[in-house]
Amino acid sequence: MAKSDQELPEGFRQLKTQVAGHTFEESNAEAVGLLQDSKAGCVLKPLGKPECGERELRFYESLAEAGASGDNDLLALLRGHVPRFYGPLKLVVNRRERTFLRLEDLTRSFAKPCVMDVKMGKRTWDPESSPNKRKLEEAKYVMCKQKLGLCLPGFQVYLPKEEHTQETTILRHGKDYGKSLNVEGFKQTMALFFNASTSDSKSRRAGCELLLKEVLRQLQEILAWFQRQRLLHFYASSLLICYDYSRLADPPKSKSLINGYHQNEDDPASWVRVKMIDFAHVYPAEHGLPDENYMFGLQSLIEVVQSILHR
Ligand SMILES: Nc1ncnc2c1ncn2[C@@H]1O[C@H](COP(=O)(O)OP(=O)(O)OP(=O)(O)O)[C@@H](O)[C@H]1O
Ligand SMILES: O=P(O)(O)O[C@@H]1[C@H](O)[C@H](O)[C@@H](OP(=O)(O)O)[C@H](OP(=O)(O)O)[C@H]1O
């Protein structure tokens with residue numbers, strides 16, 4: 001079955017900006033990727049393997065409960081760092097009913113969405129992993145994962161076609177590219193993703209600086225949450241970094257109406273979003289300890305972004 005021949009329910013389409021994770025496959029109707037409901041501004045993530053899917057659903061439901069009851073400040077605060085959750089939804093895809101998580105689309109309203117999935121931590125296997133799964137995980141992305149506590153399963157970025165032009169080209173790379181990177185290659189790829197070397201015009205340079213500062217601000221907020229919390233450990237979880245390329249060279253001045261809300265377009269948070277995703281392997285913190293594994297990766301990501309800003 002060609003990728004374009006998937007039988008999808010009306011009103012839904014494959015998420016074009018999906019850069020990593022489980023996807024639709026040509027020869028396997030069972031393999032399902034993320035869908036997009038662009039009218040509602042949300043994406044639909046299929047529940048993964050039974051234990052992973054249920055864990056992720058429970059995670060989002062526990063955040064929703066914490067938000068509603070106000071009983072747990074830390075969980076309520078975490079909601080600000082993950083996509084909004086609109087509940088589960090059953091849909092028939094390729095003639096099979098499946099459960100999806102309805103999540104805020106982090107690329108909604110972006111004209112030229114740049115998206116990078118960064119998987120966090122040196123350790124990407126959870127406490128219940130078999131020795132075989134552990135071995136498989138330890139053999140992947142070795143060059144950056146062990147040094148930086150980061151790896152790069154995929155990204156897409158808009159780049160200017162030539163210097164001094166409005167025309168763009170899109171570059172996409174998946175996990176094979178990520179697995180080939182060493183630390184230097186990872187840093188160069190991050191600079192490329194932020195259009196740090198292609199920002200020739202004055203306004204694009206200013207836009208790039210704004211972008212890097214906003215990414216750092218959001219990363220620091222996530223780090224501040226991790227420094228306080230002793231509740232959860234996140235294995236094989238990612239940060240999704242998204243920005244709208246069209247705003248790099250063209251920072252707007254006015255307020256606009258997006259999904260019924262007035263949004264101040266001068267606020268870089270309207271075109272730069274850094275959120276935690278993929279909670280298939282979230283576990284209660286062992287011995288009430290902080291999540292050093294995630295924080296190590298987050299600190300090195302902050303250092304990499306800082307080095308791009310200050311070079
Ligand atoms: N809320 C979201 N908004 C926009 N895009 C998203 C969102 N959540 C996920 N994506 C896209 O889907 C991709 C895969 O997401 P995710 O990591 O949650 O899936 P997965 O199949 O569980 O991945 P893995 O195989 O690593 O376990 C991300 O890299 C991103 O491109
Ligand atoms: O980075 P790669 O090489 O794509 O490896 C995948 C990655 O580790 C995913 O996190 C994992 O899904 P889970 O998080 O759901 O375990 C998947 O397992 P799977 O192939 O068993 O689904 C692996 O294949």
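**Conventions.** I worked with a predicted model in which local features need pLDDT of at least 70 and side-chain atom pairs count only at pLDDT 80 or more, while totals for chains, interfaces and linings use all residues. I kept to residue numbers that run from 1 along each chain as its sequence is written, to chains lettered from A and ligands numbered from 1 in the order in which they are written, and to side-chain values that use heavy atoms, with hydrogens and water left out.

**Domains.** I looked up the division of the chain and found domain 1 (12-104) and domain 2 (113-310), with bounds that come from an automatic or database domain assignment. The centres of these two domains, taken over C-alpha atoms, are 20 Å apart. Their contact (heavy atoms within 4.5 Å) takes 20 residues from domain 1 and 28 residues from domain 2.

**Interface.** For the buried area (the accessible area, with a 1.4 Å probe, that two parts lose on being put together, summed over both) I noted about 2,100 Å² between domain 1 and domain 2, with 63% of it on carbon and sulfur atoms. I then looked for salt bridges (a side-chain nitrogen of Lys or Arg within 4 Å of a carboxyl oxygen of Asp or Glu) and recorded two between the domains. Arg55 and Glu128 form a salt bridge through their side chains, at 3.6 Å from N to O.

On the side of domain 1 that touches domain 2, helix H1 (50-69) and helix H2 (73-78) each supply at least two residues, the helices being DSSP runs (H or I, at least four residues) numbered from the N terminus. H1 gives the largest share of that side, five residues.

**Salt bridges overall.** The count by this rule came to 16 salt bridges. I also looked up Lys133, which forms a salt bridge with Glu137, with the closest N and O atoms 3.1 Å apart. Because Lys133 and Glu137 are four residues apart in helix H3 (residues 131-138), about one helical turn separates them.

**Ligand 2.** I listed the residues that surround ligand 2 (a heavy atom within 4 Å of it), among them His22, Lys49, Cys52, Lys133, Glu137 and His281. An oxygen atom of ligand 2 lies 2.7 Å from a polar side-chain atom of His22, and for Lys119 the corresponding distance from a polar side-chain atom to an oxygen atom of this ligand is 2.9 Å. In the side chain of Lys179, an N or O atom is 2.6 Å from an oxygen atom of ligand 2.

**Ligand 1.** I found 19 residues around ligand 1, the closest being Val19, His22, Lys45, Glu104 and Asp117. A polar side-chain atom of Asp117 lies 2.6 Å from an oxygen atom of ligand 1. From the backbone, an N or O atom of Thr17 lies 3.5 Å from an oxygen atom of ligand 1, and a polar backbone atom of Ala20 is 3.5 Å from an oxygen atom of this ligand.

Note on methods. Polar contact = N/O pair within 3.5 Å; in protein donor to acceptor, adjacent residues only side chain to side chain.
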